[in-house]
Amino acid sequence: MEDIKAVQFENGRLKLIDQRILPARFEYWYTDTEEGVFEAIRTMIVRGAPAIGGAAAYGVYFALRESGNDAQAFIGRCRHLISARPTAVNLEWSVLRMMRKAEECGYDPDTLLEEAHIIVREDEEMNRKLSEIGLQVIRRGDTILTHCNAGALATCGWGTALGVIRSAHESGLGIKVYADETRPRLQGARLTAWELKEAGIPATLIPDSAAATLIRDGKIDLIILGADRISADGDVANKLGTFALSVVAKAYGVPFYSAAPTSTIDFSMKDGKDIPIEERDADEVRMIEGVQIAPEGMPVYNPSFDVTPHENVTGIITEKGIIRPPFDKNIERIRNGENL
Ligand code: MRU
């Protein structure tokens with residue numbers, strides 16, 4: 001399979017796979033402005049925590065070019081980028097890293113562009129590494145449940161949860177996958193199912209509400225999914241529905257893993273209670289593919305993410321090792337540069 005690259009830079013422009021229209025059409029979407037990157041993140045042309053971080057890095061480069069010598073204008077554009085989506089910490093992490101670099105290098109655009117390339121390269125490296133490490137938790141013939149899309153499309157290369165799954169498949173472990181469709185944006189049905197098919201991994205798509213029955217009936221050996229932000233005590237914010245899965249998994253003794261690069265850990269956030277949860281447009285729930293499925297004007301609650309308490313998490317697979325309980329102590333070790 002040709003490598004899927006969600007975030008690329010070509011001829012001075014950011015080149016994104018347009019994830020709104022997959023799998024019906026595979027098309028690239030281009031921008032060379034900060035506003036364009038902001039819109040791409042907000043409208044989910046690019047989505048998935050690490051991919052958003054990668055795209056935003058180029059947004060900071062464009063912001064610098066657009067701001068000339070006006071430091072306040074540059075900071076304003078960077079803040080604007082951070083505001084595109086609130087939950088995935090990788091966005092803020094990447095913009096702040098780029099801003100620090102800008103200061104360090106005297107606002108040199110070429111250095112800043114190189115830093116964006118480095119962020120993208122490092123993300124793929126971290127994902128490949130954590131995917132290898134993740135093999136420790138998979139046994140031959142396992143059936144794995146995943147939620148949303150934490151694949152190559154959601155990152156700057158290879159994938160996190162789906163990266164572990166791809167590595168297991170390529171290692172000949174004979175795994176099988178169940179993919180939740182992931183209402184309302186259907187990242188599981190549209191993106192994960194597409195990636196699994198492209199990679200030739202045996203997989204079955206299920207409505208989200210079928211997962212509990214499969215878990216109860218002993219059909220799932222383990223759950224692996226991604227993360228948008230992990231607090232210092234190991235609480236995991238991820239796509240809506242993750243928390244419910246964790247509760248059922250705990251009730252039936254099924255191991256529950258999150259896979260994420262350490263750039264997804266927010267060391268400054270004590271626990272998951274303060275993680276900002278994005279609420280998206282009501283029409284994402286009232287409509288499917290532009291077709292109205294609920295009464296006009298029906299009130300809707302549409303949080304895009306939820307927080308899974310660390311008590312429900314078996315482990316967090318990172319490029320620095322698998323973080324297991326006690327999460328706070330082990331996350332602190334990662335913060336101090338240790339590998340686990
Ligand atoms: O709303 P999305 O599609 O950006 O949400 C994506 C997820 O929740 C992913 O699981 C998470 O970002 C990890 S991606 C490696």
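Let's start with cysteine 156, which is buried, with a relative accessible area of 2%; buried means under 20% relative accessible area (1.4 Å probe, protein chains only). This is a predicted model, in which local features need pLDDT of at least 70 and side-chain atom pairs count only at pLDDT 80 or more, while totals for chains, interfaces and linings use all residues. Residues are numbered from 1 along each chain as its sequence is written, and side-chain values use heavy atoms, with hydrogens and water left out.

**Cysteines**
- The structure holds 0 disulfides, a disulfide being a pair of cysteine sulfur atoms within 2.5 Å.
- Cysteine 78 is in no disulfide, and the nearest cysteine sulfur, that of cysteine 105, is 12 Å away.
- Cysteine 78 counts as buried because its relative accessibility is 0%.

**Ligand surroundings**
- How many residues surround the ligand? There are 19, and the closest are Arg47, Arg85, Asp228, Asn238 and Lys239; to be counted, a residue needs a heavy atom within 4 Å of the ligand.

- In the side chain of arginine 47, an N or O atom is 2.8 Å from an oxygen atom of the ligand.
- Aspartate 228 has a polar side-chain atom 2.8 Å from a ligand oxygen atom.
- For lysine 239, a polar side-chain atom lies 2.7 Å from an oxygen atom of the ligand.

Note on methods: Buried means under 20% relative accessible area, exposed over 50%, partly exposed in between (1.4 Å probe, protein chains only). A polar contact is a pair of N or O atoms within 3.5 Å; within protein, one must be able to donate a hydrogen and the other to accept it, and residues adjacent in sequence count only if both atoms are side-chain atoms.
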